[in-house]
Amino acid sequence: MLYSIRDEIPWLRAGKRAQWSDDGELGATASGVQMHGAPAADELAGEGRYVEAMHVLLLNALAEIRRRVGEHFADSLTSREILRRANLPGEGRVLLRDLITRVELSYFGAYPAERDDYLACRRSFDLLVRMLPAGAPA
């Protein structure tokens, strides 16, 4: 539980962290610098833990869909079930499907994910989050 909220507690963010730059590359910065997107995933990727980082991106994408689209799906559903039920436009479905497929191959299929795999997931995540509405519908 502490791991899931660590980015919210300042003293747990001490030290250097990975930052996502505008050109799509990972770079290290001192703590305290606001990071774009999914800082926990970027940090894991910066440590070479790409499979875990990709999984975190997927979890963050699902959380954003819940929050910003107002989707209410059970935690017990698989990512594929959520993809089928989510109220997303066509492009959003394609981006979420890309994330799910890449995570399934590496996380469950033992595919040895590399930096390029993470960067592809990060691009899909960023595009998906950008296309979501600003907040949950009224």
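**The α3–α6 contact**

A: Happy to! On the α3 side, the residues in contact are Tyr 50, Ala 53, Met 54, Leu 57, Asn 60, Ala 61, Glu 64, Ile 65 and Arg 68, and they meet Arg 115, Asp 117, Tyr 118, Cys 121, Arg 122, Phe 125, Leu 128 and Val 129 of α6. By class, this contact holds 11 nonpolar, 1 polar and 5 charged residues. Please keep in mind that the model is predicted.

Now for the geometry. Two packed helices are described by the angle between their axes and the distance between the axes. Here α3 spans residues 50-69 and α6 spans residues 115-131, and they pack at an angle of about 10° with their axes 9 Å apart. Angles under 35 degrees count as roughly parallel, and α3 and α6 are therefore roughly parallel to each other.

The contact also leads into the interior. In soluble globular proteins, nonpolar side chains tend to be buried together. The largest nonpolar core in this model has 34 residues, and those with the most contacts inside it are Leu 57, Ile 65, Leu 96, Leu 99, Tyr 118 and Leu 128. Two or more residues of this core come from each of α2 (39-46), α3, α4 (79-85), α5 and α6, with α3 giving the most, 10 residues. Leu 57 and Ile 65 of α3, as well as Tyr 118 and Leu 128 of α6, are also part of the helix contact.

Leu 99 is worth a stop of its own. Leaving aside residues up to four places away in sequence, Leu 99 touches Leu 57, Leu 58, Ala 61, Cys 121, Ser 124, Phe 125 and Leu 128. Among them, Leu 57 and Ala 61 belong to the α3 side of the contact, while Cys 121, Phe 125 and Leu 128 belong to the α6 side.

Glu 114 is partly exposed, at a relative accessible area of 48%. Its C-alpha lies 9.2 Å from that of Ala 45, although Glu 114 and Ala 45 are 69 residues apart in sequence.

Stepping back to the whole protein, there are 6 helices and 2 strands, which follow the pattern α-β-β-α-α-α-α-α along the sequence. Of its 138 residues, 41% count as buried. Among contacts between residues at least 6 apart in sequence, 54% join residues at least 24 apart.

Technical notes: Residues are numbered from 1 along each chain as its sequence is written. This is a predicted model: local features need pLDDT of at least 70, side-chain atom pairs count only at pLDDT 80 or more; totals for chains, interfaces and linings use all residues. Side-chain values use heavy atoms; hydrogens and water are left out. Axes are lines fitted to C-alpha atoms, for helices over the stretch in contact, and angles run from 0 to 180 degrees between N-to-C directions. Helices (H or I, at least four residues) and strands (E, at least two) are DSSP runs, numbered from the N terminus. Angles under 35 degrees count as roughly parallel, over 145 as roughly antiparallel, 65 to 115 as roughly perpendicular and the rest as oblique. Contact means heavy atoms within 4.5 Å. Ala, Val, Leu, Ile, Met, Phe, Trp, Tyr, Cys and Pro count as nonpolar, Asp, Glu, Lys and Arg as charged, and the others, Gly among them, as polar. Buried means under 20% relative accessible area, exposed over 50%, partly exposed in between (1.4 Å probe, protein chains only). A nonpolar core is a set of buried Ala, Val, Leu, Ile, Met, Phe, Trp, Tyr and Cys residues joined through side-chain atoms within 4.5 Å.
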